[in-house]
Structures are given as structure tokens and as C-alpha cells.
Amino acid sequence: MRDPRITAVHPRRVWDSRGRPTIEVEVRLASGAHGRAIAPAGASTGSGEAVDRRDGGEPFGGFDVRRAVEAVGVEIAPLLVSRDARDQDGIDRAMITLDGTPNKSRLGARVRTHKGD
């Protein structure tokens, strides 16, 4: 990988296999490489699970992710731009710190978590 620095993070709302909105994020690197991942919510809702952030209200039966998409664009993207994409542990720790809650409820939990969390 020539230059692994993150140059752009683009969130968007997409639909999962159950027809519910979820978030997809595309990441671009200075090398020109890019990738994207969708983060569908799981069916498990145990007390130990991290929080799946949804908007509530009427749109999409309360399952909309507009606020989560906004959080990626406004808070998470600036945190990630210029970071080395290979440093997944460092990125995880920075995102967990940014969220600031034990169950990742402020920004939402559809993120890879640091080992031990």
C-alpha cells in the first residue's frame, strides 16, 4: 500500500436484507484505494450488546439511521481523516473515546470494537 492515510469518509443510508435502513461507509485512501462496508444490525438484543443507534419516530417505523449517518459525517470522519488505515486498533480506541459511553450508545455501535471491549 503506497499511502495508507485516510483522505475521505462518506456515510450513506442503505437497506439491509430485512428492508430496514442501515449505514454504509466508504473510505478513500491517499493511495487511491477505497473500500466500503455496510453495518446491518444483528438480531441479538442481549443486555451485553452495544447499542444500535436508530432515530425513532415515524419514518421507517423508527428504524431510520439519519442521525447515525450525520454523526459519521460530522464527528467520526474528521477523527479518521489523515490517520493510517492500517492502525485499526488505534482507530478503534479513538472512536470508542469519541463516543465516551460504555455501550457505544452516543454514536452507535455498528463499528468494529477494540479487542477486550
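Two strands count as paired if DSSP finds at least two bridges between them. The legends below apply this to a predicted model.

**View 1. Strands E1 and E2 form an antiparallel pair.** Strand E1 covers residues 6-15, and strand E2 covers residues 21-29. Nine bridges join them. Ala8 faces Arg28, a residue of E2. Arg13 has Ile23 of E2 as its bridge partner. Strands of a sheet pair through backbone hydrogen bonds, either parallel or antiparallel.

**View 2. A hairpin links E1 and E2.** Five residues lie between the two strands. Gly19 belongs to this hairpin and adopts a positive phi near 80 degrees.

**View 3. Strand E3 pairs with E2.** E3 spans residues 34-39. Six bridges connect it to E2, and the sense is antiparallel.

**View 4. A hairpin links E2 and E3.** Four residues separate the strands. Gly32 has a positive phi near 100 degrees.

**View 5. Three strands make an open sheet.** The order is E1-E2-E3, with antiparallel pairing. E1 and E3 are the edge strands; each has a single partner strand, so one side of each lacks a neighbour in the sheet. From one strand to the next, the twist averages 20 degrees. In a regular strand the side chains alternate between the two faces of the sheet.

**View 6. Glu24 is a buried residue of strand E2.** Its relative accessible area is 14%. Buried means under 20%, so Glu24 falls in that class. Which side chain makes a polar contact with the side chain of Glu24? The partner is Arg12, at 2.8 Å. Leaving aside neighbours within four places in sequence, Glu24 is in contact with His10, Pro11, Arg12, Val14, Arg36, Ala37 and Ile38. Arg12 therefore features both in the polar contact and in the contact list of Glu24, a residue with a relative accessible area of 14%.

**View 7. Helix H1 lies across E1 and E2.** The helix comprises residues 66-80. H1 runs at about 165 degrees to E1. E1 is an edge strand of the sheet, while E2 pairs with E1 and with E3.

Key
Residues numbered from 1 in each chain as written. Predicted model: local features only at pLDDT ≥ 70, side-chain atom pairs only at ≥ 80, totals over all residues. Heavy atoms only, no water. Buried < 20%, exposed > 50% of the residue type's maximum accessible area, 1.4 Å probe, protein only. Polar contact = N/O pair within 3.5 Å; in protein donor to acceptor, adjacent residues only side chain to side chain. Contact = heavy atoms within 4.5 Å. Axes fitted to C-alpha atoms, helices over the stretch in contact; angles between N-to-C directions.
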